[in-house]
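Visitor: I would like to learn how to read a structure feature by feature. Can you take me through one?

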Amino acid sequence: MRIDILTLFPQMFDGFLSCSIIGRARERDIVDVRLHDIRAYTHDKHHIVDEYPYGGGAGMVLKPEPIFEAVEAVKEELGLSSVPTVLLSPQGRLLNHEIARQLAHCQHLILICGHYEGIDERVAEHLATDEISIGDYLLSGGEVAAMVVVDCVVRLLPGVLGSETSLVEDSHTYGLLEYPQYTRPAIYRGWSVPSVLLSGNHGEIAQWRRQQSLLRTIKRRPDLIEKAALSDEDKRLLSEAFEIKS
Ligand code: ADE
(Lines give C-alpha, C1' and ligand atoms only; values in the text may rest on other atoms or scores of the structure.)
Protein backbone atom coordinates (compact mmCIF):
# COMPACT_ATOMS: atom_id res chain seq x y z
CA MET A 1 0.00 0.00 0.00
CA ARG A 2 1.15 3.54 -0.68
CA ILE A 3 0.00 6.49 1.42
CA ASP A 4 0.75 10.08 0.39
CA ILE A 5 0.30 12.67 3.13
CA LEU A 6 -0.10 16.36 2.32
CA THR A 7 0.80 18.59 5.23
CA LEU A 8 2.27 21.95 6.19
CA PHE A 9 4.37 20.19 8.85
CA PRO A 10 6.04 17.07 7.42
CA GLN A 11 8.53 16.99 10.30
CA MET A 12 5.69 16.15 12.70
CA PHE A 13 5.63 12.65 11.18
CA ASP A 14 9.33 11.80 11.71
CA GLY A 15 9.10 9.86 14.97
CA PHE A 16 5.74 8.34 14.17
CA LEU A 17 6.87 6.88 10.85
CA SER A 18 10.14 5.45 12.11
CA CYS A 19 9.02 3.64 15.28
CA SER A 20 7.16 0.53 16.32
CA ILE A 21 4.67 -1.21 14.04
CA ILE A 22 4.59 1.51 11.36
CA GLY A 23 8.39 1.70 11.28
CA ARG A 24 8.63 -2.07 10.81
CA ALA A 25 5.88 -2.14 8.16
CA ARG A 26 7.82 0.48 6.19
CA GLU A 27 11.10 -1.39 6.60
CA ARG A 28 9.43 -4.52 5.25
CA ASP A 29 7.97 -2.57 2.31
CA ILE A 30 4.42 -3.41 3.31
CA VAL A 31 3.59 0.27 3.27
CA ASP A 32 5.24 3.17 1.49
CA VAL A 33 4.43 6.50 3.17
CA ARG A 34 5.38 9.72 1.35
CA LEU A 35 5.16 13.19 2.82
CA HIS A 36 4.45 16.28 0.72
CA ASP A 37 4.89 19.80 1.99
CA ILE A 38 1.85 21.79 0.81
CA ARG A 39 3.98 24.94 0.89
CA ALA A 40 6.18 23.52 -1.87
CA TYR A 41 3.21 23.86 -4.23
CA THR A 42 2.89 27.63 -3.88
CA HIS A 43 4.24 29.89 -6.62
CA ASP A 44 4.57 33.25 -4.90
CA LYS A 45 7.69 34.69 -3.31
CA HIS A 46 6.40 34.30 0.26
CA HIS A 47 4.93 30.79 -0.20
CA ILE A 48 1.56 31.87 1.13
CA VAL A 49 -0.74 28.96 1.94
CA ASP A 50 -3.54 30.76 3.81
CA GLU A 51 -5.72 33.83 3.52
CA TYR A 52 -8.41 35.66 5.48
CA PRO A 53 -11.86 34.08 5.14
CA TYR A 54 -14.34 35.63 2.71
CA GLY A 55 -17.17 37.10 4.73
CA GLY A 56 -14.89 37.91 7.64
CA GLY A 57 -14.32 36.11 10.91
CA ALA A 58 -11.40 34.99 13.01
CA GLY A 59 -8.42 33.01 11.79
CA MET A 60 -7.03 32.04 8.44
CA VAL A 61 -8.22 29.55 5.83
CA LEU A 62 -6.00 27.29 3.74
CA LYS A 63 -6.04 28.25 0.07
CA PRO A 64 -7.21 25.64 -2.43
CA GLU A 65 -4.52 26.01 -5.14
CA PRO A 66 -1.48 24.38 -3.46
CA ILE A 67 -3.62 21.51 -2.17
CA PHE A 68 -5.18 20.80 -5.57
CA GLU A 69 -1.75 20.99 -7.21
CA ALA A 70 -0.15 18.69 -4.64
CA VAL A 71 -2.89 16.05 -5.07
CA GLU A 72 -2.66 16.33 -8.85
CA ALA A 73 1.14 15.92 -8.73
CA VAL A 74 0.76 12.72 -6.66
CA LYS A 75 -1.86 11.31 -9.06
CA GLU A 76 0.33 12.16 -12.03
CA GLU A 77 3.32 10.43 -10.44
CA LEU A 78 1.17 7.37 -9.78
CA GLY A 79 -0.23 7.53 -13.32
CA LEU A 80 -3.77 7.41 -11.94
CA SER A 81 -6.67 9.76 -12.55
CA SER A 82 -8.48 8.85 -9.36
CA VAL A 83 -7.07 7.91 -5.95
CA PRO A 84 -9.07 7.72 -2.68
CA THR A 85 -8.37 11.12 -1.14
CA VAL A 86 -9.26 11.68 2.50
CA LEU A 87 -9.53 15.13 4.05
CA LEU A 88 -8.99 15.01 7.82
CA SER A 89 -11.41 17.42 9.41
CA PRO A 90 -13.71 17.67 12.41
CA GLN A 91 -16.62 17.82 9.93
CA GLY A 92 -15.90 14.35 8.56
CA ARG A 93 -17.60 11.04 9.27
CA LEU A 94 -16.39 9.52 12.50
CA LEU A 95 -13.53 7.03 12.10
CA ASN A 96 -14.19 3.50 13.30
CA HIS A 97 -12.84 -0.01 12.80
CA GLU A 98 -15.07 -0.66 9.77
CA ILE A 99 -13.83 2.47 7.96
CA ALA A 100 -10.22 1.47 8.76
CA ARG A 101 -10.91 -1.98 7.29
CA GLN A 102 -12.26 -0.44 4.08
CA LEU A 103 -9.28 1.92 3.76
CA ALA A 104 -6.90 -1.00 4.30
CA HIS A 105 -8.17 -2.46 1.01
CA CYS A 106 -6.99 0.58 -0.96
CA GLN A 107 -3.75 0.26 -2.89
CA HIS A 108 -3.20 4.03 -2.75
CA LEU A 109 -4.44 6.59 -0.32
CA ILE A 110 -3.94 10.34 -0.19
CA LEU A 111 -4.43 12.09 3.17
CA ILE A 112 -4.86 15.87 3.34
CA CYS A 113 -4.13 17.56 6.66
CA GLY A 114 -5.84 20.88 7.24
CA HIS A 115 -4.53 23.50 9.59
CA TYR A 116 -5.45 26.92 10.95
CA GLU A 117 -9.16 27.71 11.14
CA GLY A 118 -10.06 25.58 8.18
CA ILE A 119 -9.59 24.75 4.57
CA ASP A 120 -11.30 26.20 1.51
CA GLU A 121 -14.53 24.21 1.06
CA ARG A 122 -13.74 23.50 -2.61
CA VAL A 123 -11.13 20.99 -1.40
CA ALA A 124 -13.83 18.99 0.38
CA GLU A 125 -16.30 19.40 -2.50
CA HIS A 126 -14.17 18.83 -5.57
CA LEU A 127 -10.92 17.14 -4.53
CA ALA A 128 -11.43 14.90 -1.51
CA THR A 129 -13.40 11.70 -2.00
CA ASP A 130 -13.93 11.29 1.74
CA GLU A 131 -13.81 13.45 4.87
CA ILE A 132 -12.91 11.80 8.16
CA SER A 133 -12.89 13.02 11.76
CA ILE A 134 -11.17 11.10 14.54
CA GLY A 135 -13.48 12.39 17.25
CA ASP A 136 -15.73 15.16 18.46
CA TYR A 137 -13.00 17.54 19.56
CA LEU A 138 -10.85 20.12 17.82
CA LEU A 139 -7.21 19.40 17.04
CA SER A 140 -4.95 22.19 15.92
CA GLY A 141 -4.42 20.42 12.63
CA GLY A 142 -5.09 17.23 10.71
CA GLU A 143 -1.60 15.78 11.25
CA VAL A 144 -2.37 13.88 14.44
CA ALA A 145 -5.62 12.67 12.84
CA ALA A 146 -3.68 11.47 9.78
CA MET A 147 -1.32 9.53 12.06
CA VAL A 148 -4.32 7.89 13.72
CA VAL A 149 -5.69 6.85 10.33
CA VAL A 150 -2.30 5.54 9.15
CA ASP A 151 -1.81 3.60 12.38
CA CYS A 152 -5.18 1.87 12.45
CA VAL A 153 -5.09 1.11 8.71
CA VAL A 154 -1.50 -0.14 8.47
CA ARG A 155 -1.86 -2.57 11.38
CA LEU A 156 -4.63 -4.27 9.39
CA LEU A 157 -2.39 -4.94 6.37
CA PRO A 158 -1.40 -8.59 5.95
CA GLY A 159 1.99 -9.37 7.51
CA VAL A 160 2.17 -6.24 9.69
CA LEU A 161 1.24 -7.78 13.03
CA GLY A 162 3.29 -10.64 14.39
CA SER A 163 0.46 -13.11 14.69
CA GLU A 164 -2.88 -13.09 12.96
CA THR A 165 -4.56 -13.98 16.27
CA SER A 166 -3.67 -10.63 17.79
CA LEU A 167 -5.71 -9.08 15.00
CA VAL A 168 -8.64 -11.41 15.36
CA GLU A 169 -8.85 -11.00 19.11
CA ASP A 170 -8.27 -7.26 19.08
CA SER A 171 -10.53 -4.82 20.82
CA HIS A 172 -13.32 -3.55 18.55
CA THR A 173 -12.73 -6.24 15.95
CA TYR A 174 -15.87 -7.92 17.14
CA GLY A 175 -17.47 -4.76 18.47
CA LEU A 176 -16.65 -5.47 22.12
CA LEU A 177 -13.99 -3.98 24.37
CA GLU A 178 -11.01 -6.13 25.21
CA TYR A 179 -10.83 -8.20 28.40
CA PRO A 180 -8.25 -7.25 31.09
CA GLN A 181 -4.71 -8.51 30.50
CA TYR A 182 -2.13 -9.41 33.14
CA THR A 183 1.50 -10.47 33.17
CA ARG A 184 4.14 -11.32 35.76
CA PRO A 185 4.36 -10.93 38.71
CA ALA A 186 1.29 -12.86 39.88
CA ILE A 187 1.06 -10.63 42.96
CA TYR A 188 2.14 -6.99 42.74
CA ARG A 189 1.85 -4.70 45.79
CA GLY A 190 -0.70 -7.14 47.17
CA TRP A 191 -2.87 -7.10 44.01
CA SER A 192 -3.32 -10.60 42.61
CA VAL A 193 -3.91 -11.71 39.05
CA PRO A 194 -7.36 -13.40 38.79
CA SER A 195 -6.79 -17.04 39.73
CA VAL A 196 -8.54 -18.42 36.63
CA LEU A 197 -5.69 -17.06 34.48
CA LEU A 198 -3.18 -19.16 36.45
CA SER A 199 -5.34 -22.30 36.30
CA GLY A 200 -4.08 -23.60 32.96
CA ASN A 201 -7.71 -24.43 32.05
CA HIS A 202 -8.01 -22.89 28.58
CA GLY A 203 -11.77 -23.39 28.34
CA GLU A 204 -12.40 -21.55 31.60
CA ILE A 205 -9.95 -18.81 30.66
CA ALA A 206 -11.70 -18.22 27.33
CA GLN A 207 -15.10 -18.05 29.11
CA TRP A 208 -13.80 -15.65 31.75
CA ARG A 209 -12.28 -13.39 29.11
CA ARG A 210 -15.45 -13.29 27.06
CA GLN A 211 -17.48 -12.52 30.19
CA GLN A 212 -15.10 -9.69 31.12
CA SER A 213 -15.36 -8.25 27.60
CA LEU A 214 -19.13 -8.28 27.80
CA LEU A 215 -19.23 -6.71 31.27
CA ARG A 216 -16.76 -3.98 30.37
CA THR A 217 -18.62 -3.12 27.21
CA ILE A 218 -21.98 -2.91 29.00
CA LYS A 219 -20.49 -0.69 31.67
CA ARG A 220 -18.28 1.57 29.60
CA ARG A 221 -19.76 1.53 26.08
CA PRO A 222 -23.45 0.56 26.20
CA ASP A 223 -23.75 1.95 22.64
CA LEU A 224 -21.48 -0.86 21.41
CA ILE A 225 -23.33 -3.65 23.18
CA GLU A 226 -26.57 -2.57 21.52
CA LYS A 227 -24.96 -3.13 18.11
CA ALA A 228 -23.13 -6.37 19.00
CA ALA A 229 -24.73 -9.64 17.99
CA LEU A 230 -24.69 -11.55 21.29
CA SER A 231 -24.84 -15.34 21.16
CA ASP A 232 -26.90 -17.45 23.59
CA GLU A 233 -23.63 -18.27 25.35
CA ASP A 234 -22.89 -14.53 25.72
CA LYS A 235 -26.31 -14.01 27.29
CA ARG A 236 -25.69 -16.92 29.65
CA LEU A 237 -22.29 -15.51 30.67
CA LEU A 238 -23.89 -12.14 31.35
CA SER A 239 -26.74 -13.46 33.45
CA GLU A 240 -24.25 -15.62 35.37
CA ALA A 241 -22.11 -12.53 36.05
CA PHE A 242 -25.11 -10.53 37.25
CA GLU A 243 -26.28 -13.40 39.48
CA ILE A 244 -22.84 -13.59 41.10
CA LYS A 245 -22.81 -9.82 41.65
CA SER A 246 -26.30 -9.47 43.16
N1 ADE B 1 -8.63 18.43 12.43
C2 ADE B 1 -8.97 19.14 13.53
N3 ADE B 1 -9.71 18.42 14.37
C4 ADE B 1 -9.87 17.18 13.78
C5 ADE B 1 -10.54 15.99 14.17
N6 ADE B 1 -11.22 15.90 15.30
N7 ADE B 1 -10.48 14.96 13.32
C8 ADE B 1 -9.81 15.05 12.14
N9 ADE B 1 -9.17 16.15 11.74
C10 ADE B 1 -9.19 17.22 12.55
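Guide: What follows is a short tour by question and reply. This is a predicted model, in which local features need pLDDT of at least 70, side-chain atom pairs count only at pLDDT 80 or more, and totals for chains, interfaces and linings use all residues. Residues are numbered from 1 along each chain as its sequence is written, and side-chain values use heavy atoms, with hydrogens and water left out.

Visitor: Into which domains is the chain divided?

Guide: Domain bounds come from an automatic or database domain assignment. Here that gives domain 1 (2-154) and domain 2 (171-245). Their C-alpha centres lie 38 Å apart.

Visitor: Which residues are around the ligand?

Guide: A residue is near a molecule if one of its heavy atoms lies within 4 Å of it. Those around the ligand include Leu88, Ser89, Pro90, Ile132, Ser133 and Ile134. Tyr137, Leu138 and Leu139 are also among them.

Visitor: Which polar backbone atoms lie 3.0 Å or 2.8 Å from a ligand nitrogen?

Guide: A polar contact is a pair of N or O atoms within 3.5 Å. Within protein, one must be able to donate a hydrogen and the other to accept it, and residues adjacent in sequence count only if both atoms are side-chain atoms. A ligand nitrogen is 3.0 Å from a polar backbone atom of Ile134. For Tyr137 the distance from a ligand nitrogen to a polar backbone atom is 2.8 Å. For Leu139 it is 3.0 Å. Taken alone, the ligand exposes 260 Å², and the protein buries 96% of that. Such areas come from the Shrake-Rupley method with a 1.4 Å probe; for residues, only the protein chains shown count as cover.

Visitor: Is Thr42 buried or exposed?

Guide: Buried means under 20% relative accessible area, exposed over 50%, partly exposed in between (1.4 Å probe, protein chains only). Thr42 has 9%, so it is buried. Thr42 lies in the loop between strand 2 (32-37) and strand 3 (50-51). Its side chain reaches the backbone oxygen of Arg39 at 2.6 Å. A polar contact of 3.0 Å also joins the side chains of Thr42 and His47.

Visitor: Why does the span of helix 3 agree with its residue count?

Guide: Helices (H or I, at least four residues) and strands (E, at least two) are DSSP runs, numbered from the N terminus. The expected span of a helix is 1.5 Å times one less than its number of residues. Helix 3 (residues 64-78) has 15 residues, so it should span 21 Å, and its end C-alpha atoms are 21 Å apart.

Visitor: Which residues of helix 3 are buried?

Guide: An α-helix has 3.6 residues a turn, so residues three or four places apart point the same way. The buried residues of helix 3 include Ile67, Ala70, Val71, Val74 and Leu78. Just after helix 3, Gly79 takes a positive phi of about 70°.

Visitor: Where is Ser20, and what is its phi?

Guide: Ser20 is in helix 2 (residues 20-27). Its phi is near 55°, a positive value in a residue other than glycine. Ser20 counts as exposed, at 52% relative accessibility. Asp29, in the loop between helix 2 and strand 2, has a positive phi of about 60°.

Visitor: Which rings form an aromatic pair?

Guide: Rings of Phe, Tyr and Trp (its six-membered ring) pair if their centres lie within 6.5 Å; planes under 30 degrees apart count as stacked, over 60 as edge-to-face and the rest as tilted. The structure holds one pair. Tyr188 and Trp191 form it, tilted, at 6.3 Å centre to centre and 50° between the planes. Tyr188 is partly exposed at 43%, and Trp191 is exposed at 58%.
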